[in-house]
Amino acid sequence: MPTSQPGAARPSPDRTTPDRLLHTRTGTEVSPEDMVLATGRDLTPRNLAWARRKLDEEGPGAIEKVLP
């Protein structure tokens, strides 16, 4: 006897996360540490240098590109 029902995999409209809650920007500055942690990496000098370069090149919006 199957336990799943057709259409059960789709979230109901009342359980969908609103778009305004899906973004990380809170109006605060994004730090290199934020960038490194967002990628799941360790806070090493090499990773922090990468994050600084990324923020310098792309600005604070760069964090949006590394998050799922």
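The chat below goes over the core, the salt bridges and one proline of a predicted model.

Reader: What kind of model is this, and how are residues numbered?

Author: It is a predicted model, where local features need pLDDT of at least 70, side-chain atom pairs count only at pLDDT 80 or more, and totals for chains, interfaces and linings use all residues. Residues are numbered from 1 along each chain as its sequence is written, and side-chain values use heavy atoms, with hydrogens and water left out.

Reader: Which residues make up the largest nonpolar core?

Author: Nine residues do: Val30, Met35, Val36, Leu48, Trp50, Ala51, Leu55, Ala62 and Ile63. A nonpolar core here is a set of buried Ala, Val, Leu, Ile, Met, Phe, Trp, Tyr and Cys residues joined through side-chain atoms within 4.5 Å. Buried means under 20% relative accessible area, exposed means over 50%, and partly exposed is in between (1.4 Å probe, protein chains only).

Reader: Which elements give two or more residues to this core?

Author: Helix H1 (32-38), helix H2 (45-58) and helix H3 (62-66) do. The most comes from H2, with four residues. Helices are DSSP runs (H or I, at least four residues), numbered from the N terminus.

Reader: New topic. How many salt bridges does the structure hold?

Author: Two. A salt bridge is a side-chain nitrogen of Lys or Arg within 4 Å of a carboxyl oxygen of Asp or Glu. Lys54 pairs with Glu58, with the closest N and O atoms 3.0 Å apart. Glu58 also meets Lys65, at 3.2 Å from N to O, so Lys54, Glu58 and Lys65 are linked in a network under that definition.

Reader: Where do Lys54 and Glu58 sit in helix H2 relative to one another?

Author: They are four residues apart there, so about one helical turn separates them.

Reader: Is Lys65 buried or exposed?

Author: Lys65 is exposed, at 61% relative accessibility. Lys54 is partly exposed at 22%, and Glu58 is partly exposed at 31%.

Reader: What about Pro32, which helix is it in?

Author: Pro32 is in helix H1, and counts as buried at 18% relative accessibility.

Reader: What does Pro32 touch?

Author: Leaving out residues up to four places away in sequence, Pro32 touches Leu48, Ala51, Arg52 and Leu55. Contact means heavy atoms within 4.5 Å. Leu48, Ala51 and Leu55 also belong to the largest nonpolar core.

Reader: How far apart are Pro32 and Pro60?

Author: The two are 28 residues apart in sequence and 9.7 Å apart in space, C-alpha to C-alpha.
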